[in-house]
Amino acid sequence: MIHVKDKSSNNWLILGILLVSFNLRPSITAVGPLIPFIREDMNLSNGLAGFLTTLPLLTFATFSLFSAAIGNRLGKAKAIFVGLLVLGTGSILRVSAGPFALYLGTALTGIGIVICNVLLIPLVKSRMPSKTGKVMGMFSTGMSLMAAIATALSVPLAVNLGWRGSLLFWTIFLFLALLVWWPQLKLNPKPSGQNQESGKSVWRSILAWQVSLFMGVQSLLFFTLITWLPDMMIDRGLSAAQAGLIASMMQMVGLIGTFLSPVIATKFSQQSGMAVAIGVIYILGFSSLFSYEIWLNVMGIGMVGLGMGASLSLAYTLIALRTRNDLYTSGLSGMAQSSGYFLAAFGPMLFGIAFDLWQDWNLLIYLMLGASFFFMFFGYFAGKNRTI
């Protein structure tokens, strides 16, 4: 009877994790295709428009530092529930008024997202240690799937609902996640005062910095490209809807890598070869963007999507694989997402500023290629079979 209850609670947990994952990307990826609408409506420069994607990354970087502590105080499940509430508040606020509400609400969405991001990984490791690879694959796939859908539908939704209604639409999944996550508040109560200092030592670990920088570079690649790729394709003659579909296609192709990457990674003691192989895929894909042939661009973007899907779930999986227990996992998860997203935050805004100055889309390609080499470098060392 206990076994049946445990199995049932795990099923509810998996469903809850999947629904939570659905909410952790649309509030960001839906913005990229809508930037021309928002920029015109709010009279924003390219730099300020790019800051709409940079801002949640800055809040990721800042509040990742506190997410593990919030989880220790409230319990991981309750803290994730609070994170969802903050995400919902920000989603509503940012479409309610002018630029100040837009940026404040965007910041709140970032805070809510990062609390869930940081704490779900150690929650999975502590509750379902034998299924870490599979569940992290589902988690990453859920994020990537909804990111792709949001990218594809944001412009069609904006045509009918306006850009504000388009962004607000995704809160439907937030309410579903809150309902399904509610039982976890009782199944995973506030922890007792166990050793909460274990995770702090990760900041003195070279391995932890390698994992964190790997996370940061892959995040920089994703968030910079998802912000500016639609504008780049519009400049090459596509409509806003067509550009959004290409960005969505990139993420849909990535679902293959997102799901398979952690499953493959957990079968080996080292993941260095995987990181290098993904980096090579990036370089080939980004190089195709120097051509103005749309069909070649689409093929290259598809390759990039495969790499991005694989690198996202590999980064999350490495956080679990490179740590001895869930306390260290919480510490590394917070560190990797703090320092990593701080690095990633500069991508969208700095390119926006650079484009304002030089009006050259090749700068985006150069940035992506340079980041790909750093991706391979840090991924090679982060993939070594060591633990913190």
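This is a predicted model: local features need pLDDT of at least 70, side-chain atom pairs count only at pLDDT 80 or more; totals for chains, interfaces and linings use all residues.
Local features require a pLDDT of at least 70 and side-chain atom pairs count only at pLDDT 80 or more, while totals for chains, interfaces and linings use all residues. Residues are numbered from 1 along each chain as its sequence is written, and side-chain values use heavy atoms, with hydrogens and water left out.

The largest nonpolar core has 121 residues. A nonpolar core is a set of buried Ala, Val, Leu, Ile, Met, Phe, Trp, Tyr and Cys residues joined through side-chain atoms within 4.5 Å. Buried denotes under 20% relative accessible area, exposed over 50%, and partly exposed the range in between (1.4 Å probe, protein chains only). Trp181, Phe286 and Tyr316 have the most contacts inside this core. Helix H10 (residues 206-235) supplies the largest share of the core, 16 residues. Helices are DSSP runs of H or I with at least four residues, numbered from the N terminus. In soluble globular proteins, nonpolar side chains tend to be buried together.

Tyr316 draws on several stretches of sequence. Leaving aside neighbours within four places in sequence, Tyr316 is in contact (heavy atoms within 4.5 Å) with Arg25, Asn117, Ile121, Met136, Phe139, Ser140, Met143, Met215, Gln337 and Tyr341.

Helix H12 comprises 16 residues. The expected span of a helix is 1.5 Å times one less than its number of residues. Buried residues of H12 are Ser272, Met274, Ala275, Ile278, Gly279, Tyr282, Ile283, Gly285 and Phe286. These buried residues pack against H10, helix H11 (240-265), helix H13 (294-321) and H15.

Helix H12 (272-287) and helix H15 (362-382) each supply at least two residues of the patch. Leu284 lies in H12. Its relative accessible area is 51%, so Leu284 is exposed.

Two further buried positions were examined. Thr59 lies in helix H4 (residues 46-74). Thr59 is buried, with a relative accessible area of 8%. Apart from neighbours within four places in sequence, Thr59 is in contact with Ser64, Ala107, Gly110, Ile111 and Val114. Leu19 belongs to helix H1 (residues 2-22). Leu19 is buried at 12% relative accessible area. Leu19 and Leu179 are 160 residues apart in sequence, with C-alpha atoms 9.8 Å apart.

The structure holds two salt bridges, defined as a side-chain nitrogen of Lys or Arg within 4 Å of a carboxyl oxygen of Asp or Glu. Asp231 and Arg39 meet through their side chains at 3.3 Å, N to O. Asp231 lies in helix H10 and Arg39 in helix H3 (residues 31-42), so the pair ties together parts that are 192 residues apart in sequence. Asp231 is buried, with a relative accessible area of 11%. The other bridge joins Asp41 and Arg164, whose closest N and O atoms are 3.5 Å apart. This pair links helix H3 with helix H7 (residues 132-168), across 123 residues. Asp41 is partly exposed at 45% relative accessibility. Arg164 is partly exposed at 28%.

Gly162 is also placed in helix H7. Gly162 is partly exposed, with a relative accessible area of 28%. Gly162 and Ile38 are 124 residues apart in sequence and 9.8 Å apart in space, C-alpha to C-alpha.

Most residues other than glycine have a negative phi. Asn43, not a glycine, has a positive phi of about 60°. Asn43 lies in the loop between H3 and H4, and is exposed at 70% relative accessibility. Gln359 has a positive phi near 50°. Gln359 lies in the loop between helix H14 (326-358) and H15. Gln359 is exposed, with a relative accessible area of 51%.
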